[in-house]
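Visitor: I have a model open and would like to go through it piece by piece. Can you take my questions as they come?

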Amino acid sequence: MDYVSALVPPIVMAAFFIALVVTIVKTQGGANKAKEDAAVDAVLARAEAARQPGK
């Protein structure tokens, strides 16, 4: 039965990793895509403005 206790942690970690990848893929795009893109654009614009204080 030692082999069962040796195999359980990698199997559990693999299952969680697969669930994480599936969740990430499902949340890409969709209704939140425009909101996420707007947030990224705002952060980039703020960083660009901070980098060029003379203009």
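Visitor: Where does Y3 lie?
Guide: Y3 lies in helix α1, which covers residues 2-27. Keep in mind that this is a predicted model.

Visitor: Is Y3 buried or exposed?
Guide: Y3 is exposed, because its relative accessible area is 56% and the cut-off for exposed is over 50%.

Visitor: And L7, where is that, and how accessible?
Guide: L7 is also placed in helix α1. Its relative accessible area is 48%, so L7 counts as partly exposed.

Visitor: What is the span of α1, end to end?
Guide: From first C-alpha to last, α1 reaches 39 Å with its 26 residues.

Visitor: Where does α1 bend?
Guide: At V8, by about 25 degrees. A proline, P9, follows within four residues. V8 also belongs to the nonpolar patch.

Visitor: What comes just after α1?
Guide: G29, which takes a positive phi of about 75 degrees.

Visitor: Stepping back, how many helices and strands are in the chain?
Guide: The protein chain has two helices and zero strands.

Visitor: What is the radius of gyration, next to that of a compact globule?
Guide: The protein chain has 21 Å, whereas a compact globule of 55 residues would be near 10 Å. Along the principal axes, the C-alpha atoms fill a box of roughly 70 × 25 × 5 Å.

Visitor: What share of the residues is buried?
Guide: Buried residues make up 0% of the 55. The chain exposes about 5000 Å², and carbon and sulfur atoms supply 72% of that area.

Visitor: Switching to charges. How many salt bridges does the count come to?
Guide: One. R51 forms it with E48, and the closest N and O atoms are 2.8 Å apart.

Visitor: Where do R51 and E48 sit?
Guide: Both lie in helix α2, residues 33-51, and they are three residues apart, about one turn of the helix. In general, an α-helix has 3.6 residues a turn, so residues three or four places apart point the same way.

Visitor: How accessible are R51 and E48?
Guide: R51 is exposed, with a relative accessible area of 62%. E48 is at 32% relative accessibility and therefore counts as partly exposed.

Visitor: What about K33?
Guide: K33 is in helix α2 as well. K33 is partly exposed, because its relative accessible area is 42%, and the cut-offs put that class between 20% and 50%.

Visitor: And how far is K33 from Q52?
Guide: Their C-alpha atoms are separated by 29 Å, and the two residues are 19 apart along the chain.

Technical notes
Residues numbered from 1 in each chain as written. Predicted model: local features only at pLDDT ≥ 70, side-chain atom pairs only at ≥ 80, totals over all residues. Heavy atoms only, no water. Patch = residues over 30% accessible without salt bridge, like charges linked within 9 Å, V, L, I, M, F, W, Y side chains within 5 Å. Areas by Shrake-Rupley, 256 points an atom, 1.4 Å probe, with all protein chains shown as cover. Salt bridge = Lys/Arg side-chain N within 4 Å of Asp/Glu carboxyl O. Buried < 20%, exposed > 50% of the residue type's maximum accessible area, 1.4 Å probe, protein only. Expected span 1.5 Å × (residues − 1). Bend = angle between axes of the 7 residues up to and from the residue. Rg over C-alpha atoms; globule rule 2.2 N^0.38 Å.
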